[in-house]
Amino acid sequence: RVVVGVEGPSSAEALEFAFSEASFRKVGLTAVHAWNSPSLDAPGVGAPISFSSDEVTDEELRVLAESLGGFRERFPDVDVRQYVMHGSPAPALVTASAGALLLVVGSRGRGGFRALLLGSTSHAVLHHAYCPVAVVRTAK
């Protein structure tokens, strides 16, 4: 299978690449979306008074399904499995890469010098994945 990390709408380029590769290789695709609990650590950000892991998981499943929608229609030959996991994206993707043919992740360079650098998730999976990794730049 081809594994792809899905963050949401910003993952379109990575999804396009992953679906194309899965179709070309005649294998299935596993879409992984990992989410972290709300945090009070960031300035100006507050967690909700009540926090339901199940409610957040349902919302994250919706985000993942919406991100995959058009690609499923364009690539009907690709068997898609989707997983939503609570936790950091890098460890979730590294775990999902075991036994995969390819792991696809996006990278959103922010312009200038930072555009030359990989994000923390891309960097981590390049060093720890169990299969080849494709880092797809997001066009901005």
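Helices (H or I, at least four residues) and strands (E, at least two) are DSSP runs, numbered from the N terminus. Residues are numbered from 1 along each chain as its sequence is written, and side-chain values use heavy atoms, with hydrogens and water left out. Because the model is predicted, local features need pLDDT of at least 70 and side-chain atom pairs count only at pLDDT 80 or more, while totals for chains, interfaces and linings use all residues.

The protein has 4 helices and 5 strands. Read along the sequence, they follow the pattern β-α-β-α-β-α-β-α-β. The protein has 140 residues, and 37% of them count as buried. Buried means under 20% relative accessible area, exposed means over 50%, and partly exposed lies in between (1.4 Å probe, protein chains only). Contacts between residues at least 6 apart in sequence were also examined. Of these, 74% join residues at least 24 apart. A contact means heavy atoms within 4.5 Å.

Strands of a sheet pair through backbone hydrogen bonds, either parallel or antiparallel.

Axes are lines fitted to C-alpha atoms, for helices over the stretch in contact, and angles run from 0 to 180 degrees between N-to-C directions.

Two helix pairs were examined. Helix 1 (residues 12-25) and helix 2 (residues 53-74) pack at an angle of about 30 degrees, with their axes 10 Å apart. The two are therefore roughly parallel to each other. Angles under 35 degrees count as roughly parallel, over 145 as roughly antiparallel, 65 to 115 as roughly perpendicular and the rest as oblique. Helix 1 passes helix 2 in a right-handed crossing. A crossing is right-handed if the near helix is turned clockwise from the far one by less than a right angle, and left-handed if anticlockwise. Helix 1 makes the contact with Ala12, Leu15, Glu16 and Phe19, and helix 2 with Ser67, Leu68, Phe71, Arg72 and Arg74. These residues divide into 5 nonpolar, 1 polar and 3 charged. Ala, Val, Leu, Ile, Met, Phe, Trp, Tyr, Cys and Pro count as nonpolar, Asp, Glu, Lys and Arg as charged, and the others, Gly among them, as polar.

Helix 3 (residues 89-96) and helix 4 pack at an angle of about 30 degrees, with their axes 9 Å apart. That makes helix 3 roughly parallel to helix 4. Their crossing is right-handed. Pro89, Ala90, Leu93 and Val94 of helix 3 meet Thr121, Ala124, Val125 and His128 of helix 4. The contact residues comprise 6 nonpolar, 2 polar and no charged. Buried in helix 3 are Ala90, Ala92, Leu93, Val94 and Ala96. The buried residues of helix 3 pack against strand 1, strand 2, strand 3, strand 4 and helix 4.

Two single residues were also inspected. Alanine 124 is found in helix 4 (residues 120-128). Alanine 124 is partly exposed, with a relative accessible area of 21%. Its C-alpha atom is separated by 9.5 Å from that of leucine 93, 31 residues apart along the chain. Lysine 26 is found in the loop between helix 1 and strand 2. Lysine 26 is exposed, with a relative accessible area of 74%. This lysine has a positive phi of about 60 degrees although it is not a glycine.
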